[in-house]
Amino acid sequence: MDLSKEIEIAKNARKNAHSPYGNYYVGCALKASSGKIYSGCNVENHGIQGICAERVAFVKAISEGERSFEHIVVCGGSSDKLDECLPCGYCRQFMSEFVEDDFKIYTMVNNEIKEYTMRDILPFGFKF
């Protein structure tokens, strides 16, 4: 699968991250089943109401009427390098509301793409 477009979008979104406290910059690209790609970046603030890149992308997509998703690419790290960056626990649970267990999560590590499924990163998610 060619993820070059999503990787570029995620890296560009990362440039917009607001992370003056954690100095950890995350960008992502969420591909909806419609083919449209939604970007997101993390936004910190003084309080505890910061929001992660993954939830930004999902909220953007959902607010535009999307309800079906193919995959997400997440790029994050300090300002000068990319680390393996996977969604936090809150994002994992949030995402599980809208995707199936085989939904793919891709992350970049030293220019290598790693692939996970929702089941891999949230094996015991809470669902009604």
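This is a predicted model: local features need pLDDT of at least 70, side-chain atom pairs count only at pLDDT 80 or more; totals for chains, interfaces and linings use all residues.

Trainee: Which ones are they?

Mentor: Ala53, Glu54, Arg55, Val56, Ala57 and Phe58 are buried, and so are Ala61 and Ile62.

Trainee: Let's pick alanine 61. Why does alanine 61 count as buried?

Mentor: Its relative accessibility is 0%, and buried means under 20%.

Trainee: And what does alanine 61 touch?

Mentor: Leaving out residues up to four places away in sequence, alanine 61 touches Leu30, Tyr38, Glu66 and Phe69.

Trainee: How far is alanine 61 from serine 34?

Mentor: In sequence they are 27 residues apart, while from C-alpha to C-alpha the gap in space is 11 Å.

Trainee: What follows α2?

Mentor: Glycine 65 does, and its phi is positive, near 100 degrees.

Trainee: New topic: aromatics. How many aromatic pairs are there?

Mentor: The structure has 4 of them. Ring pairs join Phe58, Phe69, Phe94, Phe98 and Phe103 into a cluster. Phe58 is also one of the buried residues of α2, and Phe69 is one of the residues that alanine 61 touches.

Trainee: Okay, zooming out. What elements does the chain have, and in what order?

Mentor: There are 4 helices and 5 strands. Starting at the N terminus, they go α-β-β-α-β-α-β-β-α.

Trainee: What about the radius of gyration?

Mentor: The chain has 14 Å, and a compact globule with 128 residues would have a value near 14 Å, so the two agree. The C-alpha trace spans about 35 × 35 × 30 Å along its principal axes.

Trainee: How much of the chain counts as buried?

Mentor: That's 44% of the 128 residues. The chain exposes about 7,200 Å², with carbon and sulfur atoms supplying 50% of that area.

Trainee: And the contacts across the sequence?

Mentor: Take contacts with a separation of 6 or more: residues 24 or more positions apart account for 59% of those.

Trainee: Last one: how far apart are the mean positions of the positive and negative charges?

Mentor: They are 3 Å apart, counting 15 positive and 18 negative charges in the chain.

Methods:
Residues are numbered from 1 along each chain as its sequence is written. Side-chain values use heavy atoms; hydrogens and water are left out. Buried means under 20% relative accessible area, exposed over 50%, partly exposed in between (1.4 Å probe, protein chains only). Helices (H or I, at least four residues) and strands (E, at least two) are DSSP runs, numbered from the N terminus. The radius of gyration is taken over C-alpha atoms; the globule rule is 2.2 Å times the number of residues to the power 0.38. Contact means heavy atoms within 4.5 Å. Accessible areas come from the Shrake-Rupley method with a 1.4 Å probe; for residues, only the protein chains shown count as cover. Lys and Arg count as positive and Asp and Glu as negative; His and the chain ends are not counted. The place of a charge is taken as NZ of Lys, CZ of Arg, CG of Asp or CD of Glu. Rings of Phe, Tyr and Trp (its six-membered ring) pair if their centres lie within 6.5 Å; planes under 30 degrees apart count as stacked, over 60 as edge-to-face and the rest as tilted.
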